Amino acid sequence: MKYRQGLCFLLDGETVEVEGVNPNRTLLEFLREDKKRSGTKEGCAEGDCGACTVVVVDADASGKRLEARAVNACICLLPTIDGKELLTVESLAREELHPVQQVMLECHGSQCGFCTPGFVMSLFALYKSNEDPGRRDVDDALAGNLCRCTGYRPIIRAAKAMYEAAPATGDWISLPAGRGPASDEAEKTDRLQSLVADSPLRIEAQGRRFFAPRDSGELALLLQEHPDATLLAGGTDLALRVTKQHQDFSTLVYTGKVAELCQCEITDTHIEIGAAVSLTDAFSLIAAHYPTLGELFVRFASPPIRNAGTLGGNIANGSPIGDSMPALLVLGAEIVLCRGEESRTISLDDFYVAYQQTALRPGEFLVRILLPLPRAGQQLQSYKVSKRFDQDISAVCGAYRLELDGTRVADIRIACGGMAEVPKRARNCEQALAGAEWSESAIDAAMAAFDEDFTPISDMRAADNYRQQVCKNLLRRFYLETTSGHPQGVYTYGR
């Protein structure tokens, strides 16, 4: 098979080929140093402030439509842009300002201007993906962008006005979602697919290597040939080791081009999600079947993080919090692991061994996540407790799944993140409730059992006794919501 040593992507409609690149280099560094695109700023170098926001355009799962998604250039490794189109704030203004830029000007959405390009790109991503966003949609689209001087009111006003400022005719970039010429979109989709159609990317430069296999067999072989290799998925966690800890990875194997890992399927019994499917797409699919988890998923990081990060990466990095883990644990998730030609399926319960240690064997990788489809009579909820509503790591995240037989507990699962060295089930609490009447007295007994399940620590996010009490209170909240007809939802505590 023929391989390419240089990555290839579109920038402002022009083909860009980059050879000899260090795979550890970020997209932000490339834009500012090589392309002199000073509109893309560095604020935090960890994907929190949004000053570096750019938009990446790629074909959707069908391969027939384009998706324009905001990502953080500061934690996006440059080779992962291969085969896609990149748009920066400079890409939007050509003969005249783009409608998004024009309304930011007219609505006074900028003061110092440092954060403004990032806001413009997040609004542009919304402009290209939602024909009629509500206030909640706008708030979510801007959840990854911080403004330190203007305040958000004029920016939100601009978000509402950008559709009114849109031209009647134009090309794909200038027109909002649903109005772009189909011929433009089809032509761009075909062009992107032709960029890298037959040539997988393999970079060997500056003593570093980067591999982007196309199928799981090639991925397995690469991990056997390079036992020291580091797997790269969305990079939202790994890139922090580059930008904050100044690590330099000698061999990176990228999962984002492996066909089997990028697919989802609904079977008669399960939701099957490939390990390289983005958090945005995975959460959308899960929430379609488990709608009570939708609020939790909206509060998971920010859209640029969810657009880049993967569900498989969130599982495999072994975080003791990992907001998706408690919900997956109570749903009875299983994961499929592969090494060479061998594969095995294990329960997510058995995957976490110790702090940031998992059951993955040398050379083994996560292929897909299996979630059972909902059963009649199930009641499910997950709650996130954090200091901020948006873009914050949980102090505690709890998930609860209940099945009743009349008024008695037929089955209950409870899992928490932020309460131990790994996300885990509250087995003693579950046992205290098994077969009991779903009642106040049973809840009181179960709350006491939490002390046997968890011994949380104190850190910058919360004290140990606060975590323990909140964890108990969330169980009582779940009880009240399942018995009193209270509206179910996920809210911030301790704000």
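**View 1. Helix 14, residue by residue.** S324, M325, P326, A327, L328, L329, V330 and L331 are the buried residues of helix 14 in this predicted model. That makes eight out of eight, so helix 14 (residues 324–331) counts as mostly covered, taking under 20% relative accessible area as buried.

View 2. I315 belongs to the largest nonpolar core, a group of 89 residues. Along with L27, L311 and L348, I315 touches the most other members of that core. There is also a second, separate core with 40 residues, including C8, V55, V120 and I155. In soluble globular proteins, nonpolar side chains tend to be buried together.

**View 3. Helix 17 and its packing partners.** Helix 17 runs from residue 464 to residue 483, which is 20 residues. From first C-alpha to last, helix 17 reaches 29 Å, close to the 28 Å expected at 1.5 Å a residue. Which residues of helix 17 are buried? They are R467, Q468, V470, C471, K472, L474, L475, R477, F478, Y479, E481 and T482. So what do these buried residues pack against? Three strands are on the list: strand 17 (379–385), strand 18 (396–405) and strand 19 (408–417). Helix 15 (427–433) and helix 16 (440–453) are there as well.

**View 4. G435, in a loop between two helices.** Look in the loop between helix 15 and helix 16 and you'll find G435. Because its relative accessibility is 40%, G435 counts as partly exposed. If you skip its neighbours within four places in sequence, G435 is in contact with R408 and V409.

View 5. Most residues other than glycine have a negative phi. D12 is not a glycine, yet its phi is positive, at about 55 degrees. You'll spot D12 in the loop between strand 1 (7–11) and strand 2 (14–18). D12 has 34% relative accessibility, so it counts as partly exposed. Q356 isn't a glycine either, and its phi is also positive, at about 55 degrees. Look for Q356 in the loop between strand 14 (352–354) and strand 15 (357–358). With a relative accessible area of 48%, Q356 is partly exposed.

**View 6. Zooming out to the whole chain.** The protein chain has 17 helices and 20 strands. Its C-alpha trace spans about 70 × 55 × 45 Å along the principal axes. Why does the size agree with a compact globule? For 495 residues, such a globule would have a radius of gyration near 23 Å, and the protein chain has 23 Å. Buried residues make up 55% of the chain. Among contacts with a separation of 6 or more, 65% link residues 24 or more positions apart.

**View 7. How confident is the prediction?** The chain averages a pLDDT of 94, and 98% of the residues score at least 70. Over residues 489–495, though, the pLDDT is below 50. Beyond near neighbours in sequence, that stretch has 28 contacts in the model.

Conventions
Residues are numbered from 1 along each chain as its sequence is written. This is a predicted model: local features need pLDDT of at least 70, side-chain atom pairs count only at pLDDT 80 or more; totals for chains, interfaces and linings use all residues. Side-chain values use heavy atoms; hydrogens and water are left out. A nonpolar core is a set of buried Ala, Val, Leu, Ile, Met, Phe, Trp, Tyr and Cys residues joined through side-chain atoms within 4.5 Å. Buried means under 20% relative accessible area, exposed over 50%, partly exposed in between (1.4 Å probe, protein chains only). Helices (H or I, at least four residues) and strands (E, at least two) are DSSP runs, numbered from the N terminus. The expected span of a helix is 1.5 Å times one less than its number of residues. Contact means heavy atoms within 4.5 Å. The radius of gyration is taken over C-alpha atoms; the globule rule is 2.2 Å times the number of residues to the power 0.38. pLDDT is the predictor's confidence in each residue, from 0 to 100.
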